[in-house]
Amino acid sequence: MVIAIIALLMSIIMPSLEKARSMAMRVKCAHNLKQINLIMCMYVDSNDDVYPCAQDPHPEPPFGYWLWMGRWRSFVEPYLSTTITEANPSVMLCPQDLSSDTEHESFSYAYSMTFYHSPEQIDDMNSVEDTFMYDRIRPSMPQRSLDVAKPSGKILVGEWFSNHHPVENDQGWWCWVGRRNYLFADGRVSYLKVEKIRPAIDMLPDANLTINGIKGVDSTP
């Protein structure tokens, strides 16, 4: 009888504990993004109001490693009190990201291409292939914080995967499923359903290809 009562209590308590644990990790992820915002602000203040900018893709191995995918962390790392590595990802890893340690070098957050390409360049791209194919490379162009027309609506950095609301066949910003934490250019962090993101030029919730680039809007508060 006692064992049956304990089993019943556990069946009631465990889902609540798991939900609380998941929420705690989501809050930790949002805190990571808030820290990233502070780091980005320090970088911009120290670099003539310019966001991290470099030519894509990386000219040396690993080939195919683009700035938006994670190479941007080398720009902000000097503003952290630690060196970022796979073993020590610091604020660059969502605690609920189960794939990044084996697939993405312990790195969870993507940086929108619109912050290092002009609106005209972005509007000339019409598919996800424009963000990573070698035959579609556009020269990077520095963008400034004053170029952001609507900071409260433009995604700066965001989770690539739906880490806190797992879905099958998650393709990151290239699919209409899941929920993600997003950091907006005004410093706001929001946990949003993908349906809340406006279709980009490629007709996906893709903050890399926001219509009108850095002057455009991905989601309103």
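Here are some questions and answers about this predicted model.

Q: How many helices and strands are there in the protein?
A: Let's start with the order of the elements. From the N terminus on, they run α-α-α-β-α-β-β-β. Counted up, that comes to four helices and four strands.

Q: What percentage of the residues in the protein is buried?
A: The cut-off here is a relative accessible area under 20%. The protein has 221 residues, and the buried share of them is 49%.

Q: Which element supplies the largest share of the largest nonpolar core?
A: This core has 49 residues, and those with the most contacts inside it are I36, W72, Y111 and V157. At least two residues each come from α1 (2-46), β1 (109-111), β2 (155-159), β3 (179-184) and β4. The largest share is seven residues, and the element behind it is α1.

Q: Is N208 buried or exposed?
A: Look for N208 in the segment after β4 (189-193). Its relative accessibility is 0%, and a residue counts as buried when that value is under 20%. So N208 is buried.

Q: What is the distance between the backbone nitrogen of M113 and a polar atom of the side chain of N208?
A: Along the chain, N208 and M113 are 95 residues apart, yet their C-alpha atoms are separated by 4.7 Å. M113 is also among the residues that N208 touches, a list that includes W68, Y111 and W173. From the M113 backbone nitrogen to that side-chain atom of N208, the distance is 2.8 Å.

Q: How do the residues lining the second largest pocket divide into nonpolar, polar and charged?
A: The pocket has a volume of about 180 Å³. Its lining is made up of Q96, D97, L98, S99, F161, S162, N163, P166, V167 and D170. Sorted by type, these residues come out as four nonpolar, four polar and two charged.

Key
Residues are numbered from 1 along each chain as its sequence is written. This is a predicted model: local features need pLDDT of at least 70, side-chain atom pairs count only at pLDDT 80 or more; totals for chains, interfaces and linings use all residues. Side-chain values use heavy atoms; hydrogens and water are left out. Buried means under 20% relative accessible area, exposed over 50%, partly exposed in between (1.4 Å probe, protein chains only). Contact means heavy atoms within 4.5 Å. A polar contact is a pair of N or O atoms within 3.5 Å; within protein, one must be able to donate a hydrogen and the other to accept it, and residues adjacent in sequence count only if both atoms are side-chain atoms. A nonpolar core is a set of buried Ala, Val, Leu, Ile, Met, Phe, Trp, Tyr and Cys residues joined through side-chain atoms within 4.5 Å. On a 1 Å grid over the protein atoms alone, a cavity is a set of points where a 1.4 Å probe fits but cannot get out, and a pocket is an open set with protein on both sides within 12 Å along at least five of seven lines; lining residues have an atom within 4 Å of a point. Grid points are joined across faces, edges and corners, and a volume is the space filled by probe spheres set on the points. Ala, Val, Leu, Ile, Met, Phe, Trp, Tyr, Cys and Pro count as nonpolar, Asp, Glu, Lys and Arg as charged, and the others, Gly among them, as polar. Lists of a residue's contacts leave out its neighbours within four places in sequence.
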